[in-house]
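Hi,

Here is the structure I promised to pass on.

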Amino acid sequence: MRHRKFGRTGFTTTDIGFGAWQIGGAWGDVSEADGRAALNAALDAGMSFIDTADVYGDGRSEKIIADVLKDRGGQRPMVATKAGRRLSPHVADGYNKQNLEGFIDRSLKNLGVERLDLVQLHCPPTDVYYRPEVFHALEEIKAAGKIANYGVSVEKVEEALKAIEYPGVVSVQIIYNIFRQRPAQLFFKEAARRNVAVIARVPLASGLLSGKITRDTAFAADDHRNFNRNGDAFDVGETFAGVPFETGLQAVEEIRALVPASQTMAAFALRWILMADAVSVVIPGARNAGQAEANARAAGLPAIPENVMEATREIYYRLVAPHVHDRW
């Protein structure tokens with residue numbers, strides 16, 4: 001697999017990592033055995049970056065990661081987690097040192113480590129980015145040795161641009177895929193200028209860009225693609241990248257014509273993201289070992305020709321952008 005520098009942290013990671021939301025919950029029935037198999041397959045393929053969060057299965061994802069890494073031994077991958085979404089209510093005032101340190105202590109225990117590689121604020125309210133005291137608190141927690149680095153996971157480009165004004169923010173996790181192309185404009189340029197790592201999440205638009213979902217696809221009651229289509233549980237942009245379902249299906253059919261016969265649409269969609277030099281790592285999820293192995297293989301695909309990239313941009317601006325571009 002190819003490797004990219006992770007901003008100014010000193011870490012180097014594979015350009016495709018493992019997104020561990022699916023092995024935690026909110027994606028229907030993913031057994032712990034399947035979750036472990038998926039993670040092991042990703043690590044066997046060489047992936048050296050894992051992204052999780054304390055709320056994924058109320059710690060289940062973090063604990064599975066801890067167990068798998070303990071069993072495997074050897075050199076550890078970089079493990080990033082997130083903090084903040086355990087707040088109830090989830091409000092800006094909750095992002096204080098006491099709460100953040102409590103969440104970090106819990107993740108330290110779940111992951112079985114003395115120091116976290118990377119902690120990300122987990123899509124906090126926009127107002128948090130305008131509170132320097134929040135980032136000062138993270139500096140103090142870092143100085144205490146509990147975290148090596150901190151960054152943010154954002155919903156909006158504007159939040160990303162504000163976050164990287166703080167000198168301690170080493171990474172930004174943001175939705176970037178064929179259906180969410182706005183980050184490639186100003187934000188990617190600024191992130192590169194400041195040597196900030198970029199983690200691209202929701203790369204397959206909750207499976208739409210796998211090309212396997214149809215109008216007849218049924219989702220389990222506990223799958224966010226069922227219960228969050230209108231943003232009832234969290235930001236609607238996290239589900240199908242915020243694209244109306246029927247519009248997404250229409251766009252997928254047009255994109256399908258651009259995918260080489262030798263590639264799956266999912267692999268094509270991952271390779272499309274890696275065409276952006278500013279992206280440090282993309283983190284597709286996997287429900288089983290087969291999906292993890294397929295994600296890893298996408299790293300080795302050849303570059304996408306510019307005329308094909310331009311065709312994807314045309315589809316985006318014609319069909320998708322009116323629904324998402326100015327919102328996120």
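Predicted model: local features only at pLDDT ≥ 70, side-chain atom pairs only at ≥ 80, totals over all residues.

Residues are numbered from 1 along each chain as its sequence is written, and side-chain values use heavy atoms, with hydrogens and water left out.

Helix 1 and its neighbour

Helices here are DSSP runs of H or I with at least four residues, and strands are runs of E with at least two, both numbered from the N terminus. Helix 1 covers residues 32–44, which makes 13 residues. From first C-alpha to last it reaches 18 Å, close to the 18 Å expected at 1.5 Å a residue (the expected span is 1.5 Å times one less than the number of residues). Just after helix 1 comes Gly-46, with a positive phi of about 105 degrees.

Several residues of helix 1 are buried: Gly-35, Ala-38, Leu-39, Ala-41, Ala-42 and Leu-43. Buried means under 20% relative accessible area, with exposed over 50% and partly exposed in between, using a 1.4 Å probe and protein chains only. The buried residues of helix 1 pack against strand 3 (18–19), strand 4 (49–51), helix 2 (60–72) and helix 10 (289–297).

The axes of helix 1 and helix 2 (lines fitted to C-alpha atoms over the stretch in contact, with angles from 0 to 180 degrees between N-to-C directions) come within 10 Å and cross at roughly 55 degrees.

Two buried residues

Glu-238 sits in the loop between helix 7 (224–227) and helix 8 (245–256). At 8% relative accessibility, Glu-238 is buried. Its side chain makes a polar contact with the side chain of Arg-201 at 2.5 Å. A polar contact is a pair of N or O atoms within 3.5 Å; within protein, one must be able to donate a hydrogen and the other to accept it, and residues adjacent in sequence count only if both atoms are side-chain atoms.

His-325 lies in the segment after helix 11 (306–324) and is buried too, with a relative accessible area of 12%. The side chains of His-325 and Tyr-316 make a polar contact at 2.7 Å.

Cheers

Conventions:
Contact = heavy atoms within 4.5 Å.
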